[in-house]
Amino acid sequence: MNIIKGFPTVFLFICFVLIIIDCLMVEADTCKPSGKLRGKKPPSGQCDDNCCEDGKLYTTYKCSPPVSSHTKAKLTINSFAAGGDGGGPSECDNHYHSDDEPVVALSTGWFNNKKRCLKYIKIHGNGKSVKAKVVDECDSTRGCDSEHGYQPPCPNNIVDASKAVWKALGVPENDWGLMDIYWSDTD
């Protein structure tokens with residue numbers, strides 16, 4: 001008889017756990033690839049680093065993982081300065097930005113049709129944090145053309161940061177390039 005009394009509690013607990021697991025799985029599947037893009041060989045001298053490969057298929061995304069107070073991402077490095085590897089002026093303000101200014105470009109979904117333009121995000125990595133201004137998009141939908149420096153589309157989880165961000169996070173210069181981070185919107 002005691003087993004029957006405890007059955008509703010155990011049953012409700014199991015149902016609760018299954019619902020939580022289902023919700024987590026749904027959130028993990030909210031951003032799926034939107035297509036593929038075939039790479040083209042860049043013209044001679046038009047691409048120095050991370051260039052598209054002729055015929056290779058690159059995944060494209062119109063979305064990014066959901067934003068939270070602790071959004072997991074990959075930090076990459078970019079120059080937003082005139083003549084830097086970022087290409088033209090930043091999309092948000094049509095200006096170039098010094099490598100000494102903490103600025104970032106976000107993957108297409110997080111950039112959210114310019115809704116984060118000129119707003120600040122807080123980046124956590126290497127045991128430190130820094131505020132950085134969103135000035136550009138790291139295009140996850142297109143690439144392998146002159147507008148994108150003949151580089152592949154960005155993955156959907158990129159925070160592409162200036163040297164100032166890497167310095168503020170205290171990352172040794174020889175480790176700059178790719179790092180796991182967390183970020184969030186600021187008030």
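1. Glu-101 and Lys-133 are joined through their side chains by a salt bridge, with 3.8 Å from N to O, where the term stands for a side-chain nitrogen of Lys or Arg within 4 Å of a carboxyl oxygen of Asp or Glu. The two residues belong to distant parts of the chain, Glu-101 lying in the loop between S3 and S4 and Lys-133 in strand S6, 32 residues apart. Glu-101 is partly exposed because its relative accessible area is 25%, whereas Lys-133, at 18%, is buried; the classes are buried for under 20% relative accessible area, exposed for over 50%, and partly exposed in between, with a 1.4 Å probe and protein chains only.

2. A word on the basis of these remarks: the model is predicted, so that local features need pLDDT of at least 70 and side-chain atom pairs count only at pLDDT 80 or more, while totals for chains, interfaces and linings use all residues. Residues are numbered from 1 along each chain as its sequence is written, and side-chain values use heavy atoms, with hydrogens and water left out. Helices (H or I, at least four residues) and strands (E, at least two) are DSSP runs numbered from the N terminus.

3. By the rule given above, the count comes to 6 salt bridges. One of them is formed by the side chains of Lys-74 and Asp-180, at 2.4 Å from N to O, and this pair links distant parts of the chain, since Lys-74 is in strand S3 and Asp-180 in strand S8 (residues 178–185), 106 residues apart. Lys-74 counts as partly exposed because its relative accessibility is 29%, and Asp-180 is likewise partly exposed, with a relative accessible area of 47%.

4. The side chains of Lys-167 and Asp-100 also meet in a salt bridge, at 3.9 Å from N to O. Here helix H3 (residues 163–168), which holds Lys-167, is linked to the loop between S3 and strand S4 (103–107), which holds Asp-100, and the two residues are 67 residues apart. Both Lys-167 and Asp-100 are exposed.

5. Which strands close into the barrel, and in what order? The barrel has 6 strands in the order S3-S7-S4-S6-S5-S8, with mixed pairing, two strands being counted as paired if DSSP finds at least two bridges between them. From one strand to the next the twist averages 45 degrees, the axes being lines fitted to C-alpha atoms (for helices over the stretch in contact) and the angles running from 0 to 180 degrees between N-to-C directions.

6. Strand S3 runs antiparallel to S8, to which 6 bridges join it, and the bridge partner of Lys-72 in S8 is Tyr-182. With S7, by contrast, S3 runs parallel, and 4 bridges join the two; Thr-76 stands opposite Asp-160 in S7. Strands S5 (residues 120–125) and S6 (residues 128–138) run antiparallel and are joined by 6 bridges, with His-124 standing opposite Ser-129 in S6.

7. The largest pocket has a volume of about 1100 Å³. A pocket is an open set of points on a 1 Å grid over the protein atoms alone, where a 1.4 Å probe fits, with protein on both sides within 12 Å along at least five of seven lines, and its lining residues have an atom within 4 Å of a point; grid points are joined across faces, edges and corners, and the volume is the space filled by probe spheres set on the points. Of its 36 lining residues, Asn-78, Asp-85, His-148, Gln-151 and Asp-160 lie nearest the centre. Strand S3 (71–77), S6 and strand S7 (158–161) are the elements that give two or more residues to the lining, and S6 provides the largest share, 3 residues.

8. Two residues deserve a look at the backbone. Leu-118, in the loop between helix H2 (108–111) and S5, has a positive phi near 60 degrees although it is not a glycine, and Leu-118 is partly exposed, with a relative accessible area of 39%. Asn-126, in the loop between S5 and S6, likewise has a positive phi, near 55 degrees, in a residue other than glycine; Asn-126 is partly exposed at 44% relative accessible area. For context, most residues other than glycine have a negative phi.
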